[in-house]
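Subject: Handover of a structure and its description

Dear colleague,

Please find the structure below, followed by an account of what was found in it. I would be grateful if you read the text with the model open beside it.

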Amino acid sequence: IVGCFEKDGQDGFMVVNYTEPILDMTNAVTLTFKNCSQVLVYTEEGTEVKNLTEEGQLRLTLDAGQGAFVIPK
């Protein structure tokens with residue numbers, strides 16, 4: 001599931017693996033962004049700046065029930 005948010009002109013995206021945790025499944029998603037080369041990714045492990053591919057893509061792998069908050073830079 002991807003939720004889109006905006007605050008003071010800044011976009012933010014909440015990405016969640018909606019698989020039931022008891023199933024212990026990992027899923028991957030590729031997000032494509034325009035007009036930026038990096039994103040801030042907030043997870044339960046901490047905050048990380050990630051570079052996008054030349055196509056503006058970010059690939060996230062999330063465990064069942066795990067989420068990430070992504071802010072384009």
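A residue is called buried under 20% relative accessible area, exposed over 50%, and partly exposed in between (1.4 Å probe, protein chains only). By that scale Phe69 is partly exposed, at 28% relative accessibility.

Please note that this is a predicted model, in which local features need pLDDT of at least 70 and side-chain atom pairs count only at pLDDT 80 or more, while totals for chains, interfaces and linings use all residues. Residues are numbered from 1 along each chain as its sequence is written, and side-chain values use heavy atoms, with hydrogens and water left out.

The sheet

Strands of a sheet pair through backbone hydrogen bonds, either parallel or antiparallel. Strands here are DSSP runs (E, at least two residues), numbered from the N terminus, and two of them pair if DSSP finds at least two bridges between them. Five strands make up an open sheet with antiparallel pairing, in the order S1-S2-S7-S4-S5. S1 and S5 (46-51) are at the edges with a single partner strand each, so one side of each has no neighbour in the sheet. Six bridges join S1 to S2 (residues 10-16) in the antiparallel sense. Cys4 stands opposite Phe13 in S2.

The aromatic rings

A pair of aromatic rings is described by the distance of the centres and the angle of the planes. Rings of Phe, Tyr and Trp (its six-membered ring) pair if their centres lie within 6.5 Å; planes under 30 degrees apart count as stacked, over 60 as edge-to-face, and the rest as tilted. The structure contains three aromatic pairs. One of them is the tilted pair of Phe5 and Phe69, with 6.5 Å centre to centre and 45° between the planes. Phe5 belongs to strand S1 (residues 2-7) and Phe69 to strand S7 (residues 67-72), so this pair ties together parts that are 64 residues apart in sequence. Phe5 is partly exposed, with a relative accessible area of 47%.

Tyr42 and Phe69 also form a tilted pair, at 6.5 Å and 45°. Here Tyr42 in strand S4 (residues 38-43) is linked to Phe69 in S7, 27 residues apart. Phe5, Tyr42 and Phe69 form one aromatic cluster.

The salt bridge

A salt bridge is a side-chain nitrogen of Lys or Arg within 4 Å of a carboxyl oxygen of Asp or Glu. The count is one salt bridge, in which the side chains of Lys50 and Glu48 meet at 3.9 Å, N to O.

Yours sincerely

Methods. Helices (H or I, at least four residues) and strands (E, at least two) are DSSP runs, numbered from the N terminus.
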